[in-house]
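Dear colleague,

I am handing over the structure below for your records.

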Amino acid sequence: MSALLIRQVRIVNPGREITSGDVLVRDGRIVAVGTVPGSLRAEVRNPTVIEGAGRLLTPGLIDLHTHGVMHSLYESGPDGLHAAARELGRFGVTTVLPTIVPQIRDGWLERLASVAAAIPSVRAVNIPGLHLEGPFMAVGGAACPTLPGDLGLLERIIAACGGRLAAMSLSPDAPNILPVIARLREKRIPAFLTHTRASVEQTEAALTAGATHATHFYDVFYAPPETDPGVRPVGVVEAVLADPRATVDFIADGVHVHPTAIRAAVAAKSFAGVILITDSNIGAGLPPGTYDTPWGYPVRVSPETAARHATNNTLAGSALTMDRGMANLLGWLDLPPEQIWAMGTLNPARLLGLSHKGRLEAGADADLVLWNDDLRPAQTWLAGNCTYEKAAR
Ligand SMILES: [Zn+2]
């Protein structure tokens, strides 16, 4: 029986409250929060003791949308998956949906199957399954294919993932998309809206069919053209903001989306409808510099955490990490901090139906992060096992 006692921390239970006290973990679960009863102290012998010294303790961060980190890409195969997973603890991440843009060419389903089959052998992070960004898209960008909805192809994708497809991003304006959304709902696989020029009507139809969420909201969400001079056009962005069925996520790097757009979404949906993602790629978590990619051009990562094509300076993905995204949101949003922490923990857990994650209370999984005062992780645990500890100076 393994046990862990984290003493004297400020305990963030996302969306609820911040309190002070101790946290006791046994066999991968949180068993007591605040004041640990004497009977439990007597029962749990010789726990590993961590001195929190008044620092913040939160649930582990959950990234719904990320293509890779540092030098590794999930789409490159099982080795890339393992290499990326090993780095996530340093950024406070304990659950991740490795996100893959399907490249429709010979052997792509086999490659997808090989990544999905490698998931159970990953120990460093919890992976509920893969997130596929495509292929049923209306608007390309970021090398996304643009195929119409195709139930036969969807079944082949689901089969290749072997029960490990956790989310699929698609465009509400792709032809024949509604049967795809309905089938995903039957399979309990969340459908995320993205890469779109959809009308209000197309968006509402997709939400009625079962889509639940919009990913990298505002990015690759085009405004419709003006039809009457001075009449502001309304499209997918307004339809998603107005509809309480949809939650949204943002790349909170200050480059891909303006902080005011995030504040507008919070005003429309409350904190509970807004989620932090990274959409990260090669270069995320690395110091500013220029890094090679498999795409035929290098990327330059500067301190503002957006990756840019090194030669023509266009955006080339995100270099955000979840810990930096949380720090940005805590700086930008005028909300109680426990509500802001929910955007990286409780809210994504709810979207994925992970009822034991994103909470810091008795009975929840012991996926935890102890934060230093500079909002960098000091230590990260997955099911009570340490996956990262910052080296002592
Ligand atoms: Zn993406």
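The notes that follow cover the domains, the core, the sheets and the helices.

The model is predicted, so that local features need pLDDT of at least 70 and side-chain atom pairs count only at pLDDT 80 or more, while totals for chains, interfaces and linings use all residues. Residues are numbered from 1 along each chain as its sequence is written.

Domains

The protein is divided into domain 1 (3-58 + 360-389) and domain 2 (61-352), with bounds that come from an automatic or database domain assignment. Their C-alpha centres lie 30 Å apart. In domain 1, 17 residues are in contact with 21 residues of domain 2; two residues are in contact if their C-beta atoms, placed from the backbone, lie within 7 Å. On the side of domain 1 that touches domain 2, β1 (3-13), β2 (17-26), β21 (377-382) and β22 (385-389) each supply at least two residues. Strands (E, at least two residues) and helices (H or I, at least four) are DSSP runs, numbered from the N terminus. The largest share of that side, three residues, comes from β21. By class, the side has eight nonpolar, five polar and four charged residues. Here Ala, Val, Leu, Ile, Met, Phe, Trp, Tyr, Cys and Pro count as nonpolar, Asp, Glu, Lys and Arg as charged, and the others, Gly among them, as polar.

Nonpolar core

The largest nonpolar core has 114 residues, and those with the most contacts inside it include V23, L57 and L370. Such a core is a set of buried Ala, Val, Leu, Ile, Met, Phe, Trp, Tyr and Cys residues joined through C-beta atoms within 7 Å. A residue is buried if 20 or more other C-beta atoms lie within 10 Å of its own, exposed if 12 or fewer, and partly exposed in between, with C-beta atoms placed from the backbone. Strand β1 gives the most to this core, with six residues. Both domain 1 and domain 2 contribute at least three residues each. Leaving aside neighbours within four places in sequence, the contacts of L57 include I6, V23, L360 and L370.

Sheets

Eight strands form an open sheet with parallel pairing, in the order β6-β9-β10-β11-β12-β13-β14-β15. Two strands pair if DSSP finds at least two bridges between them. Since β6 (61-66) and β15 (274-277) stand at the edges with a single partner strand each, one side of each is left without a neighbour in the sheet. Three bridges join β11 (residues 165-170) to β12 (residues 191-193), and the bridge partner of L170 in β12 is L193.

A further open sheet has four strands in the order β16-β17-β18-β19, with antiparallel pairing. Two bridges join β18 (residues 306-309) to β19, where R308 stands opposite L315.

Helices

Helix α3 (residues 108-118) and helix α4 (residues 151-161) pack at an angle of about 35°, with their axes 7 Å apart. Axes are lines fitted to C-alpha atoms, for helices over the stretch in contact, and angles run from 0 to 180 degrees between N-to-C directions. The contact is made by L109, L112, A113 and A116 of α3 and R156, A160 and C161 of α4.

L154 is also found in α4. With 21 C-beta neighbours inside 10 Å, L154 counts as buried.

Yours sincerely
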